[in-house]
Amino acid sequence: MSFLREKQTKYYMIFLTNCCLLLLISLLGVSALQTQKLKQVTIKRENTMISCLLDQGVSEKQLAEALKNESTTKAGTELLMKMGHSNDTVTVLFPVVKKEICSVWMILVGVGILFSGVMLVGTILFLRKREQFYQDASLVIMQYAQGQFDHHLPGKQEGTIYQLFDAIEQLALSLQAKSELEYKAKVFLENMISNISHQLKTPLAALQMYTEILMEEPDHPQTVNKFSYKSMQSIERMEQLIQSLLKMTRLDTGNIQFEKEKAFVLGLVEDASRELMERAKKEQKKIWIAESTKEMIDCDLSWTREAIGNVIKNAIDHTENGGCIWIDWYQTPAMLRIRIRDNGCGIKEEDIHHIFKKFYRSKNSSDRQGIGLGLPLAKAIVEGQGGIISVKSHVEGTTFTLSFPVVISD
């Protein structure tokens, strides 16, 4: 009887039980009252009969014996029948009995009407409240169907109806999560299309301009070589942009499964910086790598190499000619930390909280290389493996720290 656990139903059942108890008590009271009246009528009738018999000369002894007698005789029964007093006689022919019966019926009818009215009013109020309860719940469910989740069904109570509401709430949570996911996917797609369009606009415009110049100057080898080189740079920038955007998209949508394996940190850092060494040399910048060979890291080597390379490239972009980038690492009981420091221009305080946002470029970076995706990509890679990337900066340079969890071997 789990339905009795529901609050409104429980209160209604208590109301009905109380009504039944009151009705029973009322009937017992009426019965006691009528018994007392019947007793009074009987005594009055006996008094009348005895008074009449005394007037007829019947002795008191005979009257006392008659009152005590509990047996009947055939002659007595026949006499009563001749007088019209038998079980078949209509009740209305007994004036005294008729009066008492009418009184009993009036009381019983009154009690019945009273309690019927109370139960009817109570039932109507219960059904009305229950109907309003269902209408409110129906309105909330309709809002759920329309994707509105501001209101919720009543819950955390006992009863079958609340179990149903809890199940609907779970379904609503799933719908809300799905709706939010779809909205985020839509916003992500819109932002991605907008970013791609904006970022490709400049190199495409430059490529178009270079092509027009090449078409107008076919007989000038120096011009052709110069703008062919510029065209290749624009193409390389577009390719880099598209590749970075594809990587960011795969990371943001959770389509990347990092496959971790153990490797020496030194080898990983050397691999990540190898392609950047030549550029640093051309720009008269030096990359210094620590010689520690014992520390190992547990990570996805390919993606982690990408993250480290992006941070090193960012350091090169923001370091003047003759500058230096230092890379070292150390291990704590819980984390393996890789530090990448430079003695460049540093990051201003108003910019440091935005550097990991996609396509963010500070005012001081307008003349620097880069498209604003390297650091966000590095952050997504590190955090996707359960790590943390942090930055500290001052006027003498910037330090990025890539922290990876240490896996304790059994």
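Does Trp 105 count as buried or exposed, and at what relative accessibility? Trp 105 counts as exposed, because its relative accessibility is 56% and the cut-off for exposed is over 50%. Please keep in mind as you look around that this is a predicted model.

**A nonpolar patch on the surface**

- Trp 105 sits in helix H4, and it belongs to a nonpolar surface patch together with Leu 23, Leu 27, Leu 108, Val 109 and Ile 113.
- Together, the residues of this patch have about 550 Å² of accessible area.
- Helix H1 (7–55) and helix H4 (95–145) each contribute at least two residues to the patch.
- The most comes from H4, which gives 4 residues.

**Helix H6 and what follows**

- Helix H6 covers residues 221–252, 32 residues in all.
- From its first C-alpha to its last, H6 reaches 46 Å, close to the 46 Å expected at 1.5 Å a residue.
- The buried residues of H6 include three leucines, Leu 241, Leu 245 and Leu 251.
- Also buried in H6 are Phe 227, Ser 231, Ser 234, Met 238, Ser 244 and Met 248.
- After H6 comes Gly 254, which has a positive phi, near 75 degrees.

**Aromatic pairs**

- A pair of aromatic rings is described by the distance of the centres and the angle of the planes.
- The count of aromatic pairs here comes to 2.
- One of them joins Phe 258 and Trp 303 edge-to-face, with 6.3 Å from centre to centre and 80 degrees between the planes.
- This pair links distant parts of the chain, 45 residues apart: Phe 258 is in the loop between H6 and strand S1 (261–264), while Trp 303 is in helix H8 (residues 301–317).
- Trp 303 counts as buried because its relative accessibility is 13%, and buried means under 20%.
- Phe 356 and Phe 400 have ring centres 6.3 Å apart and planes at 90 degrees, so this pair is edge-to-face.
- Phe 356 lies in the loop between strand S5 (335–342) and helix H9 (374–384), and Phe 400 lies in strand S7 (residues 397–405), so the pair ties together parts 44 residues apart in sequence.
- Phe 400 is buried, with a relative accessible area of 2%.

**A buried arginine**

- Arg 279 is found in helix H7 (residues 265–282).
- With 16% relative accessibility, Arg 279 counts as buried.
- Arg 279 and Lys 313 are 34 residues apart in sequence, and their C-alpha atoms are 9.5 Å apart in space.

Key
Residues are numbered from 1 along each chain as its sequence is written. This is a predicted model: local features need pLDDT of at least 70, side-chain atom pairs count only at pLDDT 80 or more; totals for chains, interfaces and linings use all residues. Side-chain values use heavy atoms; hydrogens and water are left out. Buried means under 20% relative accessible area, exposed over 50%, partly exposed in between (1.4 Å probe, protein chains only). The expected span of a helix is 1.5 Å times one less than its number of residues. Patches are made of residues with over 30% relative accessible area and no salt bridge: like charges are joined within 9 Å, nonpolar side chains (Val, Leu, Ile, Met, Phe, Trp, Tyr) within 5 Å. Accessible areas come from the Shrake-Rupley method with a 1.4 Å probe; for residues, only the protein chains shown count as cover. A salt bridge is a side-chain nitrogen of Lys or Arg within 4 Å of a carboxyl oxygen of Asp or Glu. Rings of Phe, Tyr and Trp (its six-membered ring) pair if their centres lie within 6.5 Å; planes under 30 degrees apart count as stacked, over 60 as edge-to-face and the rest as tilted.
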